[in-house]
Amino acid sequence: MANFFLENPDLQFHFNRFKLEEIVGIAEDDYEQSRTYRYAPVNYADAIENYRKVLEVVGELAANRIAPRAADVDHEGAQWHDGKVSYAAGTQKNLEELSQADLMGMILPRKYGGLNFPFTMYMMATEMISRADASLMNIFGLQDIGDTIRKFGNEAQREEFLPGFCTGEYTGAMALTEPDAGSDLQAVKLQAYQNAEGKWFLKGMKRFITNGNGDVLVVLARSESGTKDGRGLSIFACYGRDGVVVRRIENKLGIHGSPTCELQFNDVPAQLVGSRKFGLIKYTIDLMYRARMGVSAQALGISQAAYEEALVYAKDRVQFGKSIYTFPAVSNMLIEMRVTLEMNRSLFYRAAQVVDRKEKIEELIEKRKEEGKPVTELVQDLRQVTAMAGLMTPLSKYILTESANKITYDALQIHGGTGYMKEFRVERLARDARITNIYEGTSQLQIVALYGSVINDIMRAEFEKNEAREYRGGLTQLAASLKEIRGLFIDCLRYVNEKKDKTYQEVAAKDLVELYGYLVIGYLLLDEAEENDRKVFIANRYILTSLASARRNAESIKSGVFTDLLHADSILQV
Amino acid sequence: MYHSIVLVKQVPDTANITGNVMQDDGTVNRSKLPAIFNPEDRVALEMALRIKDQFGGKITVMTMGPPRASDILRECLYMGADEGVLISDRKFAGADTLATSYVLSEAIRKEGSYDFIFAGRQAIDGDTAQVGPQTCEKLGIPQITYLEEIQKVEGKTLTAKRKIEGGYEVVRCTLPVLVTVIKDAVEPRPFSAKRVMAFKGAKSLMEIEKMAEGNSLLYVDQLRHEFEARQLFIRTLTMDDLKLDADRCGVHGSPTKVYKVESVVLAGGDREMIEPTKTGLGKLVDKLMEDHILG
């Protein structure tokens with residue numbers, strides 16, 4: 001039987017390389033949980049075996065049940081009728097089966113019925129589900145809502161909401177954006193007020209809410225009347241059935257299976273989650289780490305699906321008496337896609353492990369504090385890993401979602417005219433990919449998020465260590481290329497800093513971030529190439545291409561071309 | 001509360017036959033083919049699970065096969081079965097449907113009371129659809145074959161829809177009953193992740209023996225007790241355990257001998273143009289009758 005886990009050698013490669021001893025040890029309370037739960041692991045090897053087995057279940061489910069339904073889900077889409085949203089029949093079936101398979105609470109604690117899996121494993125599952133049906137990820141991925149309640153809510157709230165997420169009885173929604181508060185969430189207006197007994201109620205509008213018809217909504221609302229910025233916002237949990245009206249759903253280019261709702265809150269009773277005023281500045285930002293990783297996984301899954309379609313088509317399609325796969329122009333595109341896909345995965349699963357570690361160290365600190373144990377060292381550790389997460393998360397989001405657009409574009413191109421037709425899967429994939437570099441922060445905003453880490457060169461020490469390292473055989477040459485890219489980066493950084501022109505810096509940020517990205521990914525691929533001969537090809541293609549791109553990035557920064565932004569009005573004259 | 005017994009079989013994946021897997025005696029060299037859970041047996045298990053979901057009770061899954069058939073018993077546990085029983089003995093090898101149904105019926109008798117026996121209509125390797133009915137005959141209980149839908153279970157009565165040529169019929173009978181189910185009756189549920197983790201280490205006696213073989217510090221009896229205590233022991237029955245008549249088991253008890261197996265490919269050959277006129281159509285009908293396709 002087809003299996004998106006077992007039959008994907010690159011996923012196997014990464015799975016086998018994971019180093020999760022520390023993360024799993026923390027998550028399993030040093031394997032104490034196995035005394036209480038039959039399905040809890042007894043040691044690290046057992047935990048890995050559990051993850052492998054469950055990912056096999058996900059791979060089987062994705063390949064044989066979810067993927068075959070995807071075309072119908074896309075065609076039928078989620079529907080809105082008289083204020084009620086219904087999923088496409090295939091989506092409904094998918095959700096039932098994901099629930100039967102116990103996969104709707106993968107990262108939630110066992111105490112509430114979850115699997116207590118590391119974030120990294122959840123991301124692998126998300127990649128496979130997205131490969132089968134990208135629109136399903138939007139609902140599957142909302143178990144993050146449960147996780148937000150777990151992290152910031154109180155025990156009563158955890159007991160109230162989490163079991164429903166784990167059984168699949170509840171789906172969730174994260175209600176952040178409003179008509180006038182998209183990328184700029186500080187402008188959120190939806191009002192949260194208290195009655196005489198101190199009970200909270202929500203009143204106002206939300207727009208573009210994925211699965212806004214969900215049972216449990218986590219809502220960003222203005223709890224401090226009279227405030228205008230992010231410090232007046234808090235988060236609340238409420239039930240959709242308690243007066244949340246879905247006014248309409250959007251008619252979208254892609255991810256048709258996922259309903260995007262406009263919501264009206266008519267004095268909906270709600271519970272404050274966590275502390276007042278931390279809604280945006282702490283909780284939403286934390287949620288964003290995971291949401292951005294989720295979208296990166298979605299993009300990666302779409303890329304894998306598109307690549308597979310293109311490869312099969314290229315081999316089958318005969319023109320001029322030969323399979324088009326044998327034409328250099330086509331095989332080169334396929335290689336580019338494959339290399340992009342694999343470099344995406346290297347970046348992504350490193351990022352996932354960083355986020356995983358960040359979350360687990362946070363948990364450990366909380367636990368130690370409760371036990372009255374010292375945490376100084378851990379806090380130091382957390383600072384470092386948080387800085388890394390601050391780099392790796394937006395970098396993954398930026399690179400993987402842009403890659404998904406390029407890969408689906410090329411996959412459609414390889415199909416020629418037929419790819420433009422609805423009969424072929426690649427058409428849907430190209431539409432589905434298009435949202436990934438927009439929602440959960442556009443690519444442009446990922447660059448803004450990355451800029452600080454990049455201009456502070458936060459990986460300098462690691463890069464310098466790598467530069468001093470000896471690599472085997474031909475990899476020395478590639479290491480030299482990375483060193484050259486680093487030279488270009490330092491040079492450009494100096495140039496931009498010296499320019500002291502904020503507008504110029506903002507535009508040059510994209511090129512600087514890309515330069516930094518080549519280094520981060522290049523060294524990851526070199527490490528892999530040290531271990532695995534086939535990966536030498538991947539590192540070689542990626543690093544040499546990146547060197548050429550780096551020269552272009554450097555050239556555009558240093559040519560001063562962006563100074564014409566001063567004349568934007570003249571250039572864009574009507 | 002009902003006790004259901006589900007009969008399952010591990011079969012070679014006949015959809016993917018490659019290379020030289022047929023042996024001289026006409027049987028299949030199973031070791032050369034990937035082994036899978038017979039699809040209709042999985043549907044049978046789903047039926048049993050739905051009965052359990054609705055009324056409670058217990059599900060015992062049984063398979064007769066080589067030691068590696070434990071794989072599908074574990075899969076049954078992953079789906080929700082309560083217990084797996086492996087019926088395995090070298091002396092069972094080469095059994096036809098008669099010998100198989102003898103062994104199965106004796107194993108079922110040993111189980112004591114039960115309300116339902118579910119089985120797939122047929123296995124994809126032999127396609128005989130005989131094992132279910134033959135087992136049932138030996139047990140002397142009613143049977144419903146080609147079951148499409150369970151309509152009602154009430155006390156000791158079952159009302160069900162069975163598929164017949166050109167339609168269906170609704171039948172009613174008393175429990176205990178053996179039913180064989182068709183592929184589209186219900187869609188088998190996916191594995192439960194929790195059960196996969198809980199039962200991944202379940203082992204049959206043969207598997208435990210194998211574990212002990214490679215390590216002189218391990219003793220079979222001790223291991224068996226450990227597995228039993230952790231509810232990870234797949235009960236294993238041999239010919240001796242069942243006190244069976246050796247002449248009715250395996251090759252000895254099997255009058256059916258496979259003479260020859262061949263792969264028949266139906267491919268179009270000649271092509272003939274027929275004019276779209278009345279005379280042309282007449283000729284076409286004549287031709288089809290001549291080839292015994294019509295009439």
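## A hairpin in chain B

Let's start with a turn: in chain B, E7(B) and E8(B) make a hairpin with two residues between them. One residue in that turn, B:Gly155, has a positive phi of about 55 degrees. Keep in mind that this is a predicted model.

As an example of who sits across from whom, B:Val153 has B:Leu158 in E8(B) as its bridge partner.

## The sheet around it

What order do the ten strands of the open sheet in chain B follow? Reading across, the order is E9-E8-E7-E10-E6-E1-E4-E5-E12-E11, and the pairing is mixed. At the edges you'll find strand E9 (167-174) and strand E11 (203-204) of chain B; each has a single partner strand, so one side of each has no neighbour in the sheet. As a bit of background, strands of a sheet pair through backbone hydrogen bonds, either parallel or antiparallel.

For the parallel kind, look at strand E7 (residues 143-154) and strand E10 (residues 177-181) of chain B, joined by three bridges. Another parallel pair is strand E1 (residues 2-7) with strand E4 (residues 57-64) of chain B, held over six bridges. On that pair, B:Leu7 stands opposite B:Met62 in E4(B).

## Helices lying on the sheet

Two helices of chain B are worth a look here. Helix H2 (residues 70-79) of chain B lies across E4, strand E5 (83-87), E11 and strand E12 (233-237), and runs at about 165 degrees to E5(B).

Helix H3 (residues 97-111) of chain B lies across E1, E4, E5, strand E6 (116-120) and E12 of chain B. Its angle to E4(B) is about 150 degrees.

## Over in chain A: helix H9

Helix H9 of chain A covers residues 279-316, which is 38 residues. At 1.5 Å a residue H9(A) should span 56 Å, and its end C-alpha atoms are 53 Å apart, so the two figures agree. There is a bend in H9(A), of about 25 degrees at A:Ile285.

Is H9(A) largely enclosed or left open by the rest of the structure? Of its 38 residues, 28 are buried, so H9(A) is largely enclosed.

## Where the chains meet

Conventions
Residues numbered from 1 in each chain as written. Chains lettered and ligands numbered in written order. Predicted model: local features only at pLDDT ≥ 70, side-chain atom pairs only at ≥ 80, totals over all residues. Helix = DSSP H or I, 4+ residues; strand = E, 2+ residues; numbered from the N terminus. Expected span 1.5 Å × (residues − 1). Bend = angle between axes of the 7 residues up to and from the residue. Buried ≥ 20, exposed ≤ 12 C-beta atoms within 10 Å, placed from the backbone. Pairing = 2+ DSSP bridges. Contact = placed C-beta atoms within 7 Å. Axes fitted to C-alpha atoms, helices over the stretch in contact; angles between N-to-C directions.
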